[in-house]
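Welcome, and thank you for joining this tour. Keep your viewer open and your selection tool ready, and we will go from stop to stop together.

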Amino acid sequence: MNKITKRSFYSFLALYLISSFIFLVFAAYWFFTSQVSMEMNNNFYRMTQIADKVSSQIIQAHMMNKSYTLESFPHAKVAMLGDDKQVLQGQLQDKIDFSKDFYMDKDSFTLVSNRAKGHLNVEYVIVQSNLCNKNVAALKNRVAYTVIFTALFIIVIAVFLSYMFLKPIKDKMEEIEQFVKDTTHELNTPITALMMSTSRLKSKKTYDEEINKNISISTKQLYEIYSSLSFLSFDNQKEQAQLLRFDTIVKSSVAYFSELLERKGIEIVVNLQACSLTMAPTKAKMLINNLLSNSIKYSKPNTKITLTLVNNSFTIEDEGIGIAQDKLDDIFTRFVRANSYAGGFGIGLHIVESIIKEYNFTIVIDSKENVGTKIKIDCNTQEKR
C-alpha cells in the first residue's frame, strides 16, 4: 500500500477501534454494575433469610421451653448475642457495629437482627458473609476476560473490515499509479524523439525528410495519447451523430498512420466497400484509430495488416504477437494490458468497447499467440435498433 492508502487504512482502523472500544467499555461497565447490584440484593436476601430462620427457631424453642442449638450455614458466619453483646452461640469473623442493621466492612457484609429479642436471653442474631465479595471478584474477572477476548475479536474484525473497505480504493490507487507510470513511459518516447529531431534540425539548419518524418510520427503519437485520455475524461459531452461514409474514415486512418506503417515496414492491404453509418465523427475516428494503432503497435516489423469492409462489417487482421486465450476476457477492461510487448495504457480496447456498446455493434476477436489477431465488428445490428 502507498502512503495515502496506508493513512486511510490506519485512520479507518483507529476510528473503528476507538468507537468500538468506547461502546465495549460502556457495555461492560453497565453489565458489571447491574450484576453487582443484583448480587448485592441477592446477598442481602440470603442473609435476611438466614437471620429470619434462626430467629424463628429461637422463638419456637423458647415457646416450647426447649433448648436451642445453632446450626451452621454454608458461606456465612452466624452468632447469637445476649444483652451484654457477648456471643452465646456461634462465631463472628469481624467486630460488630450495632448502630447499623446492614453494612459492609473490609471484605464481608454484616446483618444485625433483633427479631429474637427477649427469647432464650438472645438480644441479637448476627449474620456475616463474604460470599458476595467473592462472587463480585469472580464476576469482575469474567467481565475482564470477556472484554479482552471481545477486544481481540473486534481488532481482528476491524482489520478485516478495514482491508475489505479500502480494497477498492487500494486497487484504484494502484491502477492510478500504474497509469501514471505508463503515461510517463508512453509520453517519454515521442517527446524524446521530438527533442532529438528538433535539436538535429537546429544543428543542420536544412530541411531533412527523415527528421521531418520523426517529428510527424512523434506528434501523432502524442495526439493519440491526448485523444484517448480526453475521450475517457470528457466523453460526457455527447457529440451529435450524423450519416458518415465509414469507408472514408478507414481510409483517413490508414493515411494518418502511413508514416508509422512505413517506419515498421508493415504492409497494409485495404479492401473497402462503400458503407454509410450514423455515428458521431469523433467516435468513428476513435474506433478505427484505436484498432489500427493497436495492430501496428503489436505487429512485428515487416508483417502485414489487412483491413476489410464488406456488407457493413469491418475486419482488421494482423500478423502480430497475438493474445493469450486466458487474457481474452479481460482485454476490454480499463487499464488492463494483455502483455507488455509495446507499452500502452490498456485503454484502447476499452474505448472501442464503449463505442461499440453505444451504437449497438457487435465485436468478435479471434487471436492466437505468435500468429496474429483478427477483430471483426458487425455494424448491421445498428439497423435493427
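Which residues are buried in helix H7 (residues 348–358)? Select the helix and look for Gly348, Leu349, His350, Ile351, Val352, Ile355 and Ile356, which are the buried ones. Before you go on, remember that you are looking at a predicted model.

**Stop 1: the whole chain**

Zoom out for a moment. The protein chain has 7 helices and 12 strands. Of its 385 residues, 39% are buried. The chain exposes about 22,800 Å², and 57% of that comes from carbon and sulfur atoms. Now think about contacts between residues at least 6 apart in sequence: 68% of them join residues at least 24 apart.

**Stop 2: leucine 349 and the end of H7**

Go back to H7 and select leucine 349, which lies in this helix. Is leucine 349 buried or exposed? Its relative accessibility is 13%, so leucine 349 counts as buried. Show what surrounds it: setting aside neighbours within four places in sequence, leucine 349 is in contact with Leu291, Asn294, Ile331 and Phe332. Try the distance tool on one of these partners, isoleucine 331. Leucine 349 and isoleucine 331 are 18 residues apart in sequence, and their C-alpha atoms are 6.8 Å apart in space.

Then follow the chain past the helix to asparagine 360. This residue comes after H7 and has a positive phi, near 65 degrees.

**Stop 3: H6 against H7**

Two packed helices are described by the angle between their axes and the distance between the axes. Colour H6 and H7 to see a pair. Their axes come within 9 Å and cross at roughly 140 degrees, and the crossing is left-handed. On the H6 side, the contact is made by Lys283, Met286, Leu287, Asn290, Leu291 and Asn294. On the H7 side, select Gly348, Leu349, Ile351, Val352, Ile355, Ile356 and Glu358.

**Stop 4: H4 against H6**

The crossing of H4 and H6 is right-handed. To see where the two helices meet, select Phe246, Ile249, Val250, Ser253 and Val254 in H4, together with Ala284, Lys285, Leu287, Ile288, Asn289 and Leu292 in H6.

**Stop 5: aspartate 247**

Stay in helix H4 and select aspartate 247, which is found there. With a relative accessible area of 4%, aspartate 247 is buried. Now show its side chain and look for two polar contacts:

- The side chains of aspartate 247 and arginine 245 are joined by a polar contact of 2.8 Å.
- The side chain of aspartate 247 also reaches the backbone nitrogen of cysteine 275, at 3.2 Å.

Not counting residues up to four places away in sequence, aspartate 247 touches Leu272, Gln273, Ala274, Cys275 and Leu309. For one more distance, pick valine 310: this residue and aspartate 247 are 63 residues apart along the chain, while 9.7 Å separates their C-alpha atoms.

**Stop 6: threonine 110**

Next, move to strand S4 (residues 108–113) and select threonine 110. Its relative accessibility is 1%, so threonine 110 counts as buried. Which side chain is joined to that of threonine 110 by a polar contact of 3.2 Å? The partner is glutamine 128. Beyond its neighbours within four places in sequence, threonine 110 is in contact with Met47, Ile96, Asp101, Phe102, Tyr103, Ile126, Val127 and Gln128.

**Stop 7: two loop residues**

Most residues other than glycine have a negative phi, and most peptide bonds are trans. With that in mind, select histidine 75, in the loop between helix H1 (3–63) and strand S1 (77–81). Histidine 75 is not a glycine, yet its phi is positive, at about 65 degrees. At 55% relative accessibility, histidine 75 counts as exposed.

Finish at asparagine 302, in the loop between H6 and strand S9 (304–310). Asparagine 302 is not a glycine either, and has a positive phi of about 65 degrees. Its relative accessibility is 65%, so asparagine 302 counts as exposed.

Notes. Residues numbered from 1 in each chain as written. Predicted model: local features only at pLDDT ≥ 70, side-chain atom pairs only at ≥ 80, totals over all residues. Heavy atoms only, no water. Helix = DSSP H or I, 4+ residues; strand = E, 2+ residues; numbered from the N terminus. Buried < 20%, exposed > 50% of the residue type's maximum accessible area, 1.4 Å probe, protein only. Polar contact = N/O pair within 3.5 Å; in protein donor to acceptor, adjacent residues only side chain to side chain. Contact = heavy atoms within 4.5 Å. Areas by Shrake-Rupley, 256 points an atom, 1.4 Å probe, with all protein chains shown as cover. Left-handed = near helix turned anticlockwise from the far one by under 90°. Axes fitted to C-alpha atoms, helices over the stretch in contact; angles between N-to-C directions.
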